[in-house]
Amino acid sequence: MAAKVACAAVAFMMLATAHLAAAAAAPAFLWAPENYGSDEAKVVHYQTISPASLAKSVLDEGGWSNLVCSREGSHKNVDIAVVFLGSKLQSSDISKDKQVDPSLADTLKLSFTGSEFSMAFPYVAMADDDKLESSLLSGFADNCDSDFQGNHITYTDTCTVRGEDLKKHQSMDSIHDLVMSRMGSNPSGKTDVIVFCSGGFKDLDNAKPEGELLSELVSVLKKSGAKYTVLYASQPRGLVENASNLPLARYLAEKTNTSTKPGLGECDGECLVKSSLLEGVFVGLVLLIILISGLCCMMGIDTPLRFETSQD
C-alpha cells in the first residue's frame with residue numbers, strides 16, 4: 001500500500017513538473033509618474049494570473065476604474081492612459097543579464113523604479129488563441145459592466161480590434177497631436193486611452209524596435225506635461241502559433257521568424273545546464289521509484305522468525 005501511495009505521489013510530481021515546464025508566461029507592468037490615488041506605491045504580484053485577472057487588478061488596485069469606467073463620483077485626475085502591448089519580453093527574461101531588447105528593459109526599469117506608483121505582474125499566462133488586446137479590453141468592459149468608455153479609446157493601426165468608428169494612429173506624430181489637443185481643451189474631463197499594439201505602426205519603412213517605440217512614447221507624454229499612466233503587457237510571438245511546441249519556453253528566446261524557426265535546434269550554455277538538471281531530476285525519480293518498490297517487496301516477503309536446529 002505504501003509503495004502505491006509513493007508511486008502515485010511521484011507520478012503527480014512528474015506531471016506537475018511537465019505542466020510547469022510547458023506553461024508560458026509573460027510579464028506586465030503598470031506605472032504612473034504621480035500617484036493618482038492608490039493606497040500603495042509599489043506592488044508586486046507573484047501569482048500566475050490570466051489576462052482577465054490582470055485587467056481586474058489594473059482596474060481595482062491600479063485605480064483604472066476611475067479612468068476607463070464612467071461611474072458616478074469617479075475623479076478623472078489622469079489625462080492619458082496608455083496600454084502598450086509588446087511581443088518581445090517573457091517572464092524568464094526579467095532576471096537575465098543579457099536582454100533580447102536592452103532598450104526595452106532599461107525603459108521598463110527606469111519607469112518602474114522612478115515612478116511614484118507602480119505595479120508588477122511577473123507571470124501572466126497567455127491564452128493559446130486570444131489576442132492580448134482583445135482579452136484586456138474584454139476584461140475592462142466586463143468589470144466596468146455597462147460603464148465602459150469604449151468611445152474614448154484609440155488604437156495604433158497594427159491592432160486587430162475592428163469597428164467602424166475606431167480611430168487608429170498611423171504614426172507617433174498622430175499620437176503626439178492627440179496628446180497636445182488633449183492638453184489644450186478637455187471639456188468632458190474624460191481620460192483618453194491609447195492602445196499601442198505590437199509592432200507599433202504598419203509603416204515598415206520606419207519600423208523600430210519595441211524598446212525604442214516605448215521610450216519614444218514615454219518621451220512624448222513627458223514633454224507634453226500631461227498626467228499619464230502606462231500599462232505594459234507582453235505576448236511574445238510564438239505563444240499563439242506554436243503553443244504546443246514549447247517544452248521549456250525556449251522558443252520564446254529565439255528570433256520571431258516562425259516560418260524558418262532559426263536557432264530551434266541549437267542549445268546554448270543555459271540550455272545545456274537546464275537539460276542536465278532535468279536529466280538528473282528524472283533519473284533521480286526513477287531510482288526513487290525503484291528503491292521504494294524494492295523496499296516494499298522486501299517487507300512483503302514472509303520468512304520465519306526462527307529456524308529449527310538440526311537433529312544431527
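Predicted model: local features only at pLDDT ≥ 70, side-chain atom pairs only at ≥ 80, totals over all residues.

Strands here are DSSP E runs of at least two residues, and helices are H or I runs of at least four, numbered from the N terminus. Residues are numbered from 1 along each chain as its sequence is written, and side-chain values use heavy atoms, leaving out hydrogens and water.

Next I looked up who pairs with β8 (pairing takes at least two DSSP bridges between two strands). Strand β3 (residues 80-86) runs parallel to β8, with 7 bridges. Strand β1 (residues 25-32) is antiparallel to β8, with 4 bridges, and F29 has Y232 as its bridge partner there.

Then burial (buried is under 20% relative accessible area, exposed over 50%, partly exposed in between; 1.4 Å probe, protein chains only). In β8 (residues 228-234), 7 of the 7 residues are buried, so the strand is largely enclosed by the rest of the structure. Y228, V230, Y232 and S234 point one way, T229, L231 and A233 the other.

Last, salt bridges (Lys or Arg side-chain nitrogen within 4 Å of an Asp or Glu carboxyl oxygen). I got 2 in the whole structure. K56 and D60 meet at 3.1 Å, N to O; they are 4 residues apart in helix α2 (residues 51-60), about one helical turn. K208 and E216 have their closest N and O atoms 2.9 Å apart. K208 is partly exposed at 35%, as is E216 at 26%.
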